[in-house]
Amino acid sequence: MENKSMRGKFTGSIGFVLAAAGSAVGLGNIWRFPYLAAKDGGGLFLVVYLVLVLTFGFALLTSEVVIGRKTAQSPLTAYKILNKNWGWLGVIACIIPVMIIPYYSSIGGWVLKYLATYITFNGTDAVADGYFTGFITSQWAPIIWFGIYLLATTFVVYKGVNSGVERLSKVLMPILLIMIIGISIFSLTLSHTDESGVTRTGIEGLLIYIIPSFEGLTFNKFMVVLTDAMGQLFYSISVAMGIMITYGSYVKKDTNLVKSVNRIELFDTLVAFLAGLMIVPAVYTFMGREGMSAGPSLMFISLPKVFEAMGIAGDIIGIIFFITVAFAALTSSVSLLEAIVSSLMDKFKWGRKKATIIAAVFTFIVGVIVCLGYNVLYFELTLPNGSVGQILDVLDYISNYVLMPVVAIATCLLIGWVLKPKAIIDEITIGNVKFGRAGLYSVMVKVVAPILLLVLLLQALGVLNF
Ligand code: PHE
């Protein structure tokens with residue numbers, strides 16, 4: 001009992017929904033979703049994504065939140081309570097945030113560096129060739145920015161559930177939404193004529209983003225769209241790494257979980273869609289269809305060029321954009337650290353302060369190694385999915401592409417076949433809450449989700465190739 005009283009509780013469903021949405025809305029929503037949508041036939045990707053949100057995503061998110069509330073434990077100990085033979089799953093689920101947070105926070109440090117560049121009106125510097133590479137390959141700067149970012153994350157977690165993550169999310173998430181809507185509207189008003197005399201507008205970019213393109217669509221291409229959407233969704237709602245279990249464990253029994261899950265998904269999907277609305281038209285207007293590229297180069301190389309082309313407005317938009325990204329990233333890294341800290345507290349009965357400091361020091365050490373991966377410890381490793389990467393990419397690959405699908409598949413099997421979906425449905429319907437999609441939920445966890453996740457895993461391992 002002593003341990004239970006130390007655990008925090010969200011004050012109500014709004015605190016919970018915003019904290020969980022804060023975790024879900026992150027770097028993935030802002031740079032990966034728009035890029036995938038532009039690559040995968042615009043509206044076609046959006047439709048596939050939406051269908052998956054309402055079926056696959058809904059089943060995974062519901063499962064985790066309910067496991068948390070039912071056991072009132074974080075992942076490291078929750079799975080064992082559900083079934084004493086499944087404790088190992090909690091260990092893997094907990095290792096994932098431990099692997100992700102060092103590199104996620106290193107990227108958070110890059111965002112702060114760019115924010116500082118724009119706030120001091122030096123955005124033009126960011127356009128120079130080699131600015132980004134010069135920064136990440138320098139030895140000290142990335143470590144310092146990463147350190148500042150991690151300190152902010154640690155501070156929030158140290159403060160506890162209510163004064164920390166709940167309060168932060170209640171303030172940052174509404175601001176984030178307003179800023180993203182503001183930039184999206186601005187993006188639609190853009191128009192630009194390039195040297196060859198071709199004029200492109202934000203509205204044309206919008207049409208590329210939302211109208212489904214079936215051009216040259218084959219079965220294999222559709223599978224690429226499907227797996228891209230699934231992988232993105234899976235990462236975006238922060239499942240399979242213990243976070244939603246942890247947040248679920250702070251939810252009171254009288255909170256309606258059906259409504260909460262719907263709202264979290266709505267928030268996450270809305271922000272992803274709006275991120276596309278702010279980025280795709282702007283990039284298209286100034287750089288054409290070829291401007292959309294994946295990963296860090298979109299956010300740290302292409303967008304600065306777009307801001308530069310906007311003139312004075314770009315200086316302001318650059319500041320607002322990087323504040324938005326910093327907010328999105330911070331509420332996500334807080335959730336990663338919270339899952340680890342909460343697990344340490346539940347497992348070893350440590351106090352929050354001790355657990356937070358130990359987890360932060362460990363993260364700092366690993367994060368420094370990640371930063372050094374671009375200079376002192378540089379190597380090029382070809383991963384099984386064909387991409388070439390450094391330490392950051394290796395940690396990302398193992399956690400996201402291998403361990404997360406494994407945890408999600410195992411969670412579905414545990415719920416679907418060992419405990420049976422009724423265990424989850426009983427918890428959700430406490431207090432006569434109506435769970436309209438109970439039938440869909442059961443089919444999803446038992447059969448559909450594990451199969452889809454297996455396809456994703458086999459693709460990541462290079463066994464399946466579309
Ligand atoms: N859901 C976050 C995003 O979309 C990513 C994330 C993963 C955040 C894991 C925290 C933990 O970017």
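Student: At what angle do the axes of helix H18 and helix H19 cross?

Tutor: In this predicted model, the axes of H18 (residues 421–428) and H19 (residues 438–460) cross at roughly 140° and come within 10 Å. Axes are lines fitted to C-alpha atoms, for helices over the stretch in contact, with angles from 0 to 180 degrees between N-to-C directions. Helices are DSSP runs (H or I, at least four residues), numbered from the N terminus.

Student: How are H18 and H19 placed to each other, then?

Tutor: H18 and H19 are therefore oblique to each other, a word for angles that are not under 35 degrees (roughly parallel), over 145 (roughly antiparallel) or 65 to 115 (roughly perpendicular). Their crossing is right-handed, with the near helix turned clockwise from the far one by less than a right angle.

Student: Which residues meet there?

Tutor: From H18, Pro-421, Ile-424 and Ile-425 meet Ala-438, Tyr-441, Ser-442, Val-445 and Lys-446 of H19; contact means heavy atoms within 4.5 Å. This contact has six nonpolar residues, one polar and one charged. Ala, Val, Leu, Ile, Met, Phe, Trp, Tyr, Cys and Pro count as nonpolar, Asp, Glu, Lys and Arg as charged, and the others, including Gly, as polar.

Student: What about H6 and H16: how do their axes cross?

Tutor: The axes of H6 (residues 87–119) and H16 (residues 352–372) come within 8 Å and cross at roughly 60°. H6 and H16 are therefore oblique to each other, and their crossing is right-handed. Among the residues that meet are Pro-102 and Tyr-103 in H6 and Phe-362 and Val-366 in H16. The residues of this contact divide into eight nonpolar, three polar and no charged.

Student: And where do the axes of H2 and H13 come?

Tutor: The axes of H2 (residues 13–24) and H13 (residues 257–287) come within 9 Å and cross at roughly 40°. The crossing of H2 with H13 is right-handed. Ala-24 is one of the H2 residues in contact with H13.

Student: New topic: which residues come nearest to the ligand?

Tutor: Ala-24, Gly-28, Asn-29, Ser-236 and Met-241 come nearest, out of 15 residues around the ligand (a heavy atom within 4 Å).

Student: Which polar side-chain atom lies 3.1 Å from a nitrogen atom of the ligand?

Tutor: That atom belongs to Ser-238. A polar side-chain atom of Tyr-104 lies 3.4 Å from an oxygen atom of the ligand, and a polar backbone atom of Ser-23 is 3.3 Å from a nitrogen atom of the ligand. Such pairs are N or O atoms within 3.5 Å.

Student: What should I know about the numbering and the values?

Tutor: Residues are numbered from 1 along each chain as its sequence is written, and side-chain values use heavy atoms, leaving out hydrogens and water. In this predicted model, local features need pLDDT of at least 70 and side-chain atom pairs count only at pLDDT 80 or more, while totals for chains, interfaces and linings use all residues.

Conventions:
Helices (H or I, at least four residues) and strands (E, at least two) are DSSP runs, numbered from the N terminus. A polar contact is a pair of N or O atoms within 3.5 Å; within protein, one must be able to donate a hydrogen and the other to accept it, and residues adjacent in sequence count only if both atoms are side-chain atoms.
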